[in-house]
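Welcome! Let's take a walk through this structure together, starting with a pair of helices and moving on from there.

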Amino acid sequence: MKILVVGAGPSGLMFASETKKLKPEWEIRIIEKNHPDANVVGWGVVLPGRAPHHPANPLSYIENHEILDAQYLEDFKLTHHNQSALKSTGVTLCGAERKSMVRELRQLCQSLGITIDYEQPAVEDAELLCNEYDLVVVSNGINHTTTYYRDSLKPKVEFGKNRYMWYGTPKTFDAMNLIFKSHSKGIFVAHSYKYSSTMSTFVVECSEETYQKSGLDEMSPQEAEKFIASVFESDLDGNPVMAQEGLKWRNFMTLSHEKAYDGNVALLGDALQSGHFSIGHGTTMAVVGAQILVKAVFDNPDNVEAALADFNQHVMPIMRLFDQHATISRLWFETVEDRMHLSTGEVAQSFAERRGELPPLPAALGQALERALARGDK
Ligand SMILES: Cc1cc2nc3c(=O)[nH]c(=O)nc-3n(C[C@H](O)[C@H](O)[C@H](O)COP(=O)(O)OP(=O)(O)OC[C@H]3O[C@@H](n4cnc5c(N)ncnc54)[C@H](O)[C@@H]3O)c2cc1C
């Protein structure tokens, strides 16, 4: 089989490497918009379980995963009214740097004989070269400007009301931290955890009103960093926050589809379904979706149509569930000001219960992954 993968992020790289391991004779080419040394968007992400044991953690597929200096987290800490409530998450979570994770997954692909062509953005439908390949996997992240955005897949784009910015900080947060700050200009919320022994992710969100009242809309990136560091000064112990060059405060974009493929083009990862960062599952979904597609093509090597129908049947239910969890969580954060009068314990309880009515996501992902990893066994 001849396969083109568009986008060298976690989803495309996981699909390419896992397929190549099973079918070394298949030809797989990846095209990536950016230069190999270009910065990967974002600092660290939280992943499930401990590498190399958890199959939804991409680090489990990287032989020398220790060089990522990933951090394991067992506790959740919520801070409100400058008081903290600490409890166990009941599971092990893994904070990992995005840049080195992507670098190692790219090296894995190349070591398996997969070609990665850099600085090759596919922006036109014609550039997907559908006739030249048996299968085209579009895994280029949240992006609705390329023309693979096909009506037949019933795409839907929704923007969140809050503004957010993905900062990094040298303050190392030992637990999954959620910090609510009542400031004279409004409420700011920080989601933070360490992803290496020297750095933490520090995602900050606030309402549009707070964003404008505080003047963030008119500040330079450096002024905004200083302002945010001052808002969270006591939590950061005086450490700075840092923005990646070119990254701006934005509204979270949820991209959803009713169908995961059209002809021989399949969507994967954020390009298929993105979900709000407050549930921290996007990369996990990328891995699980990739494994479902690997099984579909492995089980139907001579019939791409059947493979993609199978992929669609098994990937869409978990993508819908992911979307429901992420949307409920996003809405909780968008209405957080209504709960700021509550005590720390009450806010912690409301946060813990915000997705209570939905079937749990980890269990659904576990089942989907178990089936996907049983290759050849329908
Ligand atoms: C603030 C924030 C915090 C997050 N925190 C977490 C977290 O804690 N845990 C978690 O699991 N997930 C988290 N996520 C989500 C996670 O980052 C994504 O779900 C994940 O990166 C999706 O992987 P992907 O490969 O589908 O897309 P991406 O990682 O976006 O990769 C897409 C690749 O395609 C390339 N590309 C783009 N356009 C083109 C083109 N036209 N042609 C060729 N190449 C192209 C890009 O350069 C990139 O390399 C977070 C997201 C945000 C915004």
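Is the crossing of α6 and α9 left-handed or right-handed? In this predicted model, the two helices cross in a left-handed way. Helix α6 covers residues 282-299 and helix α9 covers residues 361-373. They pack at an angle of about 30°, and their axes lie 8 Å apart. On the α6 side, the contact is made by T284, V288, Q291, I292, V294 and K295. From α9 come L365, A368, L369, A372 and L373. Sorted by class, this contact has eight nonpolar residues, two polar ones and one charged one.

Keep α6 in view as we turn to the ligand. It is surrounded by 35 residues, and the closest are G7, G9, G141, G269 and G282. The elements that give two or more residues to this shell are α1 (10-22), β3 (44-48) and α6. Of these, α6 gives the most, with four residues. The shell as a whole has 15 nonpolar, 17 polar and three charged residues.

Our last stop is the largest nonpolar core, which has 104 residues. Here, too, α6 gives the most, this time with ten residues. Which residues of the core touch the most other members? They are V137, A266, L268, L293 and F311. Take V137 as an example: leaving aside residues up to four places away in sequence, V137 touches I3, V5, V6, G12, F15, A266 and L268. Two of those partners, A266 and L268, are themselves on the list of core residues that touch the most other members.

Methods. Residues numbered from 1 in each chain as written. Predicted model: local features only at pLDDT ≥ 70, side-chain atom pairs only at ≥ 80, totals over all residues. Axes fitted to C-alpha atoms, helices over the stretch in contact; angles between N-to-C directions. Left-handed = near helix turned anticlockwise from the far one by under 90°. Contact = placed C-beta atoms within 7 Å. Nonpolar A, V, L, I, M, F, W, Y, C, P; charged D, E, K, R; others polar. Near = placed C-beta within 6 Å. Core = buried A, V, L, I, M, F, W, Y, C linked by C-beta atoms within 7 Å. Buried ≥ 20, exposed ≤ 12 C-beta atoms within 10 Å, placed from the backbone.
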